[in-house]
Amino acid sequence: MPASPSTARALNDRLALRLLQQEGPLTAGQLKQLTGLSRPTVADLVDRLTAAGLIQVVGESGEQRRGPNARLYGIVAGRAHLAALDVRTEGVLVLVSDLLGRVLAEASAPIGGDTGTGPAVEQAVAAVERAVKEGGADRLHTVGIGAPGLIDPATGDLRDSAGLPAWHRSLVAALQDRLPGARVTVENETNLAALAEQREGAARDRDTFVLLWLGHGVGAAVVLDGTLRRGASGGTGEIGFLPVPGTDTLPSATDCDGGFHSLAGAAAVVSLAADCGLPGPGPEGGAAAADGTEGAGGAARAVRGAADGSGAARVVRDAVARASAADERFLRALADRVAVGAASVVAVLDPGCVVLGGEIGRAGGAVLAGLVEKRLRRMSPLATEVRASGLGGAAVLRGALITARERAQDELFGRPER
């Protein structure tokens, strides 16, 4: 059935706005060429979007003849402000951006493990408010949060998980109370990292892949045919509980010890390095550089420097840099362990590509990725490329920002009528 006039207008408007978001400022003539719409239809949508305050004239093209077609139209970036949060066991990282995703301010709040729930939530919310003020935003339209743990698919709430601070679950309600009108959403950190790798990082050319998260704990995010898969209970990718050979026991419903976590989690990696005769992680001061954070600046390093996974990351990074016989023996053994978990995922999903993320995955870089791929080729008949993360320590924040931006644009740009 043909679309109604109102539906056609909504579809045309969204198409034009998406092009402006992807391509940057365009003339009416360029919009006509890219959309395939008639000149009058483009003129109408430009007038409509300008009147709605969604686009504005931002300059002129290089054409010699001045006129309507020479005007460059762009999205009004200040129409909405967004915040992205990377919530960790030991603190929170924050950035504030405009509607186009341009970062305006950053902040961090390291939170000690002995901090009570109330004070911890207050420190995290204060960091958000500080970034909002520094970014010159009057209010926030949408807040995207990345956090460890399971997200209830029915409610969108962070589920109570053993080993995670209680303040994590209280943060969303506190932000909704302190940021009136803001839409606050939370997503698993590994899922957000995968989204960022798909849009901006190592998996930009893939619509099907798995992100294997190697940090304090282990996890995975699954993207199939361009869509992030969460599972019936939100637990897709909880491979820390995967029973594997090489452990002394089996995992339980409440404890992943004995599962893949016991082979590839941070504590297991440090222990493996010691067994191979390598020095330990060393002083805490090296943690910030070990994280390899990019894009989140010193604020990110201040929080992540104390992360449980950073000591193991230093061990891996130092082994890659030294490349002695003992280092190579350790990296091969680590790759063998990682390949055990990866092979299980590959056997079920056949994703064709596995991206290694998390502190340890990033520290191993292309060297560890290459060793895991080589081991996988011997374990599985399914061809699988293994890549290192392309976004460093900023992947979760970037994923949270992408999610916040898309949800804000969906509302502001209007959803087409059905």
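Predicted model: local features only at pLDDT ≥ 70, side-chain atom pairs only at ≥ 80, totals over all residues.

Two strands are taken to pair if DSSP finds at least two bridges between them. With that criterion in hand, strand β9 (residues 218–224) is joined to β10 by three bridges, the two strands running antiparallel.

- Strands β9 and β10 belong to an open sheet of five strands, whose order is β10-β9-β8-β11-β12 and whose pairing is mixed.
- The edges of this sheet are formed by β10 (227–229) and β12 (385–388), each of which pairs on one side only.
- From one strand to the next, the twist averages 25°.
- Within the antiparallel pairing of β9 with β10, Leu224 has Thr227 of β10 as its bridge partner.
- In general terms, the strands of a sheet pair through backbone hydrogen bonds, in either a parallel or an antiparallel manner.

**The helix pair**

- Helix α2 (residues 28–35) and helix α3 (residues 39–51) have axes that come within 9 Å of each other and cross at roughly 120°.
- Because angles of 65 to 115 degrees count as roughly perpendicular and those over 145 as roughly antiparallel, α2 and α3 are therefore classed as oblique to each other.
- The crossing in which α2 passes α3 is right-handed.
- On the α2 side the contact involves Ala28, Leu31, Lys32 and Thr35, which meet Arg39, Val42 and Val46 of α3.
- Sorted by class, the residues in this contact between α2 and α3 comprise four nonpolar, one polar and two charged.

Technical notes: Residues numbered from 1 in each chain as written. Heavy atoms only, no water. Axes fitted to C-alpha atoms, helices over the stretch in contact; angles between N-to-C directions. Helix = DSSP H or I, 4+ residues; strand = E, 2+ residues; numbered from the N terminus. Parallel < 35°, antiparallel > 145°, perpendicular 65-115°, else oblique. Left-handed = near helix turned anticlockwise from the far one by under 90°. Contact = heavy atoms within 4.5 Å. Nonpolar A, V, L, I, M, F, W, Y, C, P; charged D, E, K, R; others polar.
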